[in-house]
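Subject: Structure handover

Hello,

Here is the structure I promised to pass on. Please open it alongside this note.

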Amino acid sequence: MFNHIMVGSNDLDRSRAFYDAVLATLGFSGEPLVNVAASGHTRLFYRHNGNSFCVSEPINDEPATHANGGTIGFKCDSPEQVKRFHDVAVAHGGTSIEGPPGPRDGGALGPVHLSYVRDPDGNKLCALYRPTA
């Protein structure tokens, strides 16, 4: 259903240091593809397992802002990976929100392990592991 997710950044170097470290916890390795749009704005493309996560300078030259009510969820392979994602995010300028990493009641969808952080630009990220039955 999705081709990519893109967030804006007011400081691409800071975002690159943050996402290089955080996305490595999910298995991304190497360098993001750096693209300069026709408008002259720089974008980072992290491609992994057929997915693309992108960080861009806003094309309209307005400040980057986070989506109020929006969350970007990253699928994890274990509860330990959820915690590692969280801890690496905080160590690289992110902010822990909505309680510590750990198990939560997923309601009708069953139990989940998750953590929430905000990146340095305020974007809300979730690391989630859902055990298979």
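Below is what was found in it, part by part.

One caution first: this is a predicted model.

**The four-stranded sheet**

Start with the open sheet. Its four strands follow the order S1-S4-S3-S2, and the pairing is mixed. Strand S1 (5-8) and strand S2 (33-36) are the edge strands; each has a single partner strand, so one side of each has no neighbour in the sheet. On average, neighbouring strands here are turned by 20° against each other, direction ignored.

S1 and strand S4 (residues 51-56) run parallel and are joined by four bridges.

**Aspartate 121**

This residue deserves a careful look. Aspartate 121 sits in the loop between S7 and S8. Its relative accessible area is 12%, so aspartate 121 is buried, the limit being under 20%. Its side chain has a polar contact of 3.0 Å with the side chain of serine 9. The side chain of arginine 14 makes another polar contact with that of aspartate 121, at 2.7 Å.

Neighbours within four places in sequence aside, aspartate 121 is in contact with Gly8, Ser9, Asn10, Asp11, Arg14, Ser15 and His66.

Aspartate 121 and arginine 14 also count as a salt bridge (2.7 Å, N to O). Arginine 14 belongs to helix H1 and aspartate 121 to the S7-S8 loop, so the pair ties together parts that are 107 residues apart in sequence. Arginine 14 is partly exposed, at 33% relative accessibility.

**Other salt bridges**

The count comes to five salt bridges. Among them is the pair of glutamate 98 and lysine 124, with the closest N and O atoms 2.6 Å apart. This pair links distant parts of the chain: glutamate 98 is in strand S6, lysine 124 is in strand S8, and they are 26 residues apart. Glutamate 98 is partly exposed, with a relative accessible area of 45%. Lysine 124 counts as buried, at 16%. Salt bridges with shared partners join Arg16, Asp20 and Glu31 into one network.

Aspartate 20 and arginine 16 are four residues apart in helix H1, so about one helical turn separates them. Aspartate 20 is partly exposed, at 27%. Arginine 16 is partly exposed too, at 23%.

**Serine 78 and helix H2**

Serine 78 lies in the loop between strand S5 (72-75) and helix H2 (79-91). Buried or exposed? Serine 78 is buried, because its relative accessible area of 18% falls under 20%. Its side chain reaches the backbone nitrogen of glutamine 81 at 3.0 Å. Tyrosine 129 is 51 residues from serine 78 in sequence, yet their C-alpha atoms are 5.7 Å apart.

H2 itself has 13 residues. From first C-alpha to last, H2 reaches 19 Å, close to the 18 Å expected. Its buried residues are Gln81, Val82, Phe85, His86, Val88 and Ala89. What do the buried residues of H2 pack against? Their partners are helix H1 (12-24), S5, strand S6 (95-104), strand S7 (112-118) and strand S8 (124-129). Just after H2, glycine 93 takes a positive phi of about 100°.

**Positive phi outside glycine**

Two backbone entries to check by eye. Asparagine 49 has a phi near 50°, a positive value in a residue other than glycine. Asparagine 49 is in the loop between S3 and S4. Its relative accessible area is 66%, so asparagine 49 is exposed.

Glutamate 98 is the other entry. Its phi is positive, about 60°, although glutamate 98 is not a glycine. Glutamate 98 is found in strand S6, and its side chain is the one in the salt bridge with lysine 124.

Best wishes

Note on methods: Residues are numbered from 1 along each chain as its sequence is written. This is a predicted model: local features need pLDDT of at least 70, side-chain atom pairs count only at pLDDT 80 or more; totals for chains, interfaces and linings use all residues. Side-chain values use heavy atoms; hydrogens and water are left out. Buried means under 20% relative accessible area, exposed over 50%, partly exposed in between (1.4 Å probe, protein chains only). A polar contact is a pair of N or O atoms within 3.5 Å; within protein, one must be able to donate a hydrogen and the other to accept it, and residues adjacent in sequence count only if both atoms are side-chain atoms. The expected span of a helix is 1.5 Å times one less than its number of residues. Contact means heavy atoms within 4.5 Å. Two strands pair if DSSP finds at least two bridges between them. Axes are lines fitted to C-alpha atoms, for helices over the stretch in contact, and angles run from 0 to 180 degrees between N-to-C directions. A salt bridge is a side-chain nitrogen of Lys or Arg within 4 Å of a carboxyl oxygen of Asp or Glu.
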